[in-house]
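Please open the structure in your viewer and keep the sequence at hand.

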Amino acid sequence: MKFSAFGLTAALAATAAALPSALRRASDYSSAAARVLLGHNGHIYIADYLAESKEFKVTLEEESLGDPSWMAFAAPNRLYAVDEFSASLYYYELDLDSNKLEKKVGRNGSLGVVHLEFNEDKTRLIGSAYGNGTVDVWNIEDGGLELVNTIESDGKLGPNKERQTASHPHQANIDPTGRYFVVNDLGTDEIVVIDSKDDDYKKIGSVRVEPAGCGPRHGVFYPRGGEDATHYLVVCEITNQVLVFSVKYTTEGLRFKQTQTLSTFGEAFPPANATTAAAGEIALTPNNQDVYISNRLTGNKTDSIAHFKVRRSKCGAATLEFADTVSSGGLLPRMFSLSTDAETVFSANQDGKYGLAAIDIGANGKLGDKPLATIDNTVFGDVGFGPQFVQQIV
């Protein structure tokens, strides 16, 4: 969950003074721009990133319903957004040619959904409800939005008396075969396996992670682009660790074995405040050589994005090796994501100087020490309410 206060930010003034780079019409940007979707309390944005001139231009800013802390986009025009502080899920149509956003339908499901994941053919949408301890399955065929299943994540709670008082599904990841979804439950220290065979979507098992109380948050299957997975990497928010699991496919589903546990911080880059630090997002490059992890609430001047190299043994086992770390450009990088060409990290910061930063991915996966382009957090309204979600959609 995020660490800012409840409530909506004030609406942005649509003036050049409020937007230093000015709010642009669709005709004002180059067709070569990377179109980046952003969400935060009460607003949905698109910022066009022009790599050649190294700048962002905000081309869409619309008030949203609730808190779109996570969204899912299906080309050419379908956009789904959670409201983290209610039970509502919204479907919008996003016209990228005219830069218009139109709400089509809203429905109630579980309270406190914080992540959305499509199935393989984008006919189902899986919502992880941190606030309710459940996982929702939505039928989204033909422009509809129908809740068809709710699955309880009911494992034994972890030992942390402040953070693990209830089940907290934080993310569902679809495996490369398209059949299984694994759900990281921060409250129960479990990775829950859901089988979507025959459109049933039922829980078929789970695996506990170590150490107890680590709080698994977000993960990624390895390798990308393969027919199936050999490993699963998951970030623990409470203990600031990344865990590596080997994955085997069996007649009973997926079998996990934990093979590595290491800090999300390198020895030379510790957090100033280890008690508040909270690891956030994880991403794997398409070439399967580099992993990036965001570290929040570190107590440092800015928070950070850490870089790990993937090492493979002769027998195919994958391990992670810390490489380096750079500033996220601000504070509270709840989410970052990779550009579609995997040459840039887009870092969203809820607080600090830059609400959005484009960071270069250089040779050997090394991140640039200084952002290529930024948007000041004042553009997004109140201090502490910068973007929570960021993803290139075109």
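The model is a predicted one, in which local features need pLDDT of at least 70 and side-chain atom pairs count only at pLDDT 80 or more, while totals for chains, interfaces and linings use all residues. Residues are numbered from 1 along each chain as its sequence is written, and side-chain values use heavy atoms, with hydrogens and water left out.

F245 and F256 form an edge-to-face aromatic pair, 6.2 Å centre to centre with 85° between the planes. (Rings of Phe, Tyr and Trp, the last by its six-membered ring, pair if their centres lie within 6.5 Å; planes under 30 degrees apart count as stacked, over 60 as edge-to-face and the rest as tilted.) F245 lies in strand 18 and F256 in strand 19, 11 residues apart.

**A second aromatic pair**

A search of the whole structure finds 15 aromatic pairs. Select one of them, Y80 and F118, which is edge-to-face at 6.0 Å centre to centre and 75° between the planes. Because Y80 lies in strand 5 and F118 in strand 8, the pair ties together parts that are 38 residues apart in sequence. Y80 is buried at 0% relative accessibility, and F118 is buried at 11%.

Next, select residues 335-338 and 373-376, which are strands 24 and 27. They belong to an open, antiparallel sheet of 4 strands in the order 24-25-26-27 (two strands pair if DSSP finds at least two bridges between them). Strands 24 and 27 stand at the edges with a single partner each, so one side of each is left without a neighbour in the sheet. Within the sheet, 5 bridges join strand 25 (344-348) to strand 26 (354-360). Select F346 to see the residue that stands opposite A358 in strand 26.

**The largest pocket**

Finally, select E117, N173, V220, R224 and Q391: among the 40 residues that line the largest pocket, these lie nearest its centre. (A pocket is an open set of points on a 1 Å grid over the protein atoms alone, where a 1.4 Å probe fits, with protein on both sides within 12 Å along at least five of seven lines; lining residues have an atom within 4 Å of a point.) Strand 24 is among the elements that give two or more residues to this lining.

Terms used: Buried < 20%, exposed > 50% of the residue type's maximum accessible area, 1.4 Å probe, protein only.
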